[in-house]
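Open the model in your viewer and keep the selection tool ready.

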Amino acid sequence: MVSPETDKMRYDLQIIASWIDPGSSVLDLGCGIGVLLAWLTVNKNVHCTGIELDKDKVAQCIGKGLTVLQGDFNSEVDDYPDKSFDYIILSQTLQQVFEPARLLYSLARVGKKVIVSFPNFSHFSIRLQLLFYGLAPKSKQLPYSWYDTPNIRVITLNDFRKFARDVGYRIVKEVAINTHNHDYTGNIVRRLTNLRATYGIFIIEKENR
Amino acid sequence: MLKGTSQTDSEDLLVEKQYFTFAEPPEKMVLESGARLGPVTIAYETYGTLSPARDNAILVAHAFSGDSHVAGKYAGDHEGVKPGWWDSVVGPGKGLDTNKYFIICSNILGSCMGSTGPASINPASGNPYGLEFPMVTIGDMVNAQRKLMEHLGVDKLHSVVGGSVGGMQVLEWCVRYPEMVKSAIPLATTMRHSAMAIAFNEVARQAIMADPHWNKGNYYNTAAPHMGLAVARMVGHVTYLSDEAMRRKFGRRLQDKNDFGYDFGADFEVESYLRHQGSKFVQRFDANSLLYITKAADYYDLTLDSPGKTARDFSTTKAKFLVISYSSDWLYPTYQSKELVQALKRSGRDVSFCEIEADAGHDAFLLPDERLKNILRGFLDGVA
């Protein structure tokens with residue numbers, strides 16, 4: 001039994017969780033201590049697998065009864081047969097991936113649907129910092145300096161839409177959000193999303209040709 | 001209801017070594033090599049209580065020089081006698097909780113700790129088998145364990161758990177008896193020996209066979225090849241430790257002296273340690289058993305029945321897997337566990353994997369570790 005402890009879940013994860021069909025199978029990349037996986041297992045009877053690099057976090061996950069593999073998801077995903085999972089989740093990590101196109105290609109092979117969330121680099125506060133101060137912008141979502149940031153990709157909502165279209169993914173669903181209170185609460189942004197949203201969440205799938 | 005040792009708190013767990021004999025001639029056990037062996041005796045111990053539904057049994061498979069005494073003490077043990085070899089893991093409230101599970105551990109076929117092996121009496125001659133003992137494989141060891149399960153009335157295993165050569169038995173159980181195994185925990189193990197692992201085993205075997213007392217395995221009525229066996233154990237111990245662990249434990253410190261002896265005595269602590277391990281080992285282990293068991297481990301290849309024969313994989317098992325490796329294990333390094341994980345993923349199995357950070361080398365799986373306890377408990381609770 002997975003312990004039904006209801007750890008506080010980030011707002012973007014709450015939205016992602018609401019999109020997952022009960023009883024489906026999910027692979028969560030960079031699953032941390034398994035907050036989303038535990039929630040999905042307990043509340044939606046989802047068959048969950050996680051991949052996490054940090055050994056202590058993996059140990060915590062397995063200790064909760066979750067199925068989690070320790071390793072680098074960029075290479076770990078390659079071992080799965082085609083369409084092994086109904087959903088693959090890449091939450092707030094795309095901006096740290098070295099080869100995003102290659103990774104998404106693998107994910108679209110292994111999963112039927114891929115859910116991607118990332119901080120929106122074209123939020124107006126970021127634009128204003130660059131415009132007025134001429135410095136590499138920092139935000140609550142991307143708090144690092146240019147020299148120590150793990151976020152090696154700057155992505156905007158428009159960038160991602162264009163990228164998905166160019167490389168042959170269909171955007172099944174998308175939502176733009178603003179988060180507050182250490183990301184635990186938030187609201188959905190409906191207008192001028194590329195300017196006003198702090199995060200974007202997309203479901204993509206490979207286009208059938 | 002089968003009752004083994006049941007304890008509610010962490011008082012000393014008292015156990016008793018038991019014996020089960022099968023394959024009485026002419027119904028001898030057919031081995032993978034085609035040879036026939038009988039009668040076969042298996043020494044085993046049980047801990048906890050088998051539930052009325054018979055669904056809480058866990059088999060622990062020991063490593064090459066281990067025995068059935070996985071935890072606790074025997075009633076006749078003197079004060080100060082160490083408990084079983086995995087006492088930190090098996091017991092009330094521990095990683096393998098004897099309050100919840102019925103734990104079984106049996107001595108492997110070919111060993112010398114109560115089960116039939118080369119030191120046992122060959123009924124045909126009335127003398128110990130020696131090299132007349134047929135070659136046994138990991139598959140044969142598992143078949144013998146399967147017989148024991150039948151004898152105990154266990155037809156479903158909540159889990160099969162084991163490290164090192166014990167881990168090979170775990171994997172073999174999943175492939176050979178997929179319908180019986182609900183979960184599997186192979187630790188610090190491999191699907192097949194690397195050239196390096198075979199090489200070290202060969203050095204150990206040659207050390208024994210080069211000892212004049214070995215006498216082609218026929219030494220049971222004369223002096224035993226203690227020197228060869230001790231050297232074999234010393235080589236083994238080097239592979240169980242790690243560079244880090246040896247630096248931490250010994251460094252270049254001298255043993256009970258301030259200067260070199262300028263002779264070939266044991267100057268360094270590490271020399272003295274290995275000599276001690278060697279001479280301790282010959283008191284309890286049979287040289288021929290070491291030859292047979294290391295050969296079985298070298299022969300083992302999960303992916304093949306035998307060289308050139310049927311290819312095998314994890315497609316028949318439905319077991320849930322927990323694979324554990326240790327960062328400083330250079331005998332069965334993490335990459336070999338990852339190959340196992342990869343094979344399991346390709347077969348669509350439910351697999352968790354964790355490399356535990358430890359500097360103790362291959363032996364790390366035997367040492368007390370709070371992380372291991374939590375992982376084991378969580379995983380076993382999650383097995384439906």
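Which residues does Ile103(B) touch, not counting residues up to four places away in sequence? Select Ile103(B) and look for Thr46(B), Tyr47(B), Gly48(B), Ile58(B), Val60(B), Val90(B), Leu96(B) and Thr98(B). Two residues are in contact if their C-beta atoms, placed from the backbone, lie within 7 Å.

This is a predicted model, in which local features need pLDDT of at least 70 and side-chain atom pairs count only at pLDDT 80 or more, while totals for chains, interfaces and linings use all residues. Residues are numbered from 1 along each chain as its sequence is written, and chains are lettered from A and ligands numbered from 1 in the order in which they are written.

Helices are DSSP runs of H or I with at least four residues, strands are runs of E with at least two, and both are numbered from the N terminus.

**Where the chains meet**

Now show the contact between the chains, with 17 residues from chain A and 21 residues from chain B. On the side of chain A that touches chain B, helix H3 (55–63) and strand S3 (68–70) each give two or more residues. The largest share, five residues, comes from H3(A).

Select H3(A) together with helix H9 (residues 370–381) of chain B; they pack at an angle of about 35°, with axes 7 Å apart. The axes are lines fitted to C-alpha atoms over the stretch in contact, and angles run from 0 to 180 degrees between N-to-C directions. From H3(A), Ala59(A), Ile62(A) and Gly63(A) meet residues of H9(B), including Arg371(B), Ile375(B) and Phe379(B).

**A strand with two partners**

Finally, select strand S8 (residues 199–206) of chain A, which pairs with strand S5 (residues 111–119) in the antiparallel sense over six bridges. Strands pair if DSSP finds at least two bridges between them. Ile204(A) in S8(A) is the bridge partner of Val114(A). Strand S6 (residues 169–180) of chain A also pairs with S8(A) in the antiparallel sense, over eight bridges; there, Val175(A) has Ile201(A) as its bridge partner.
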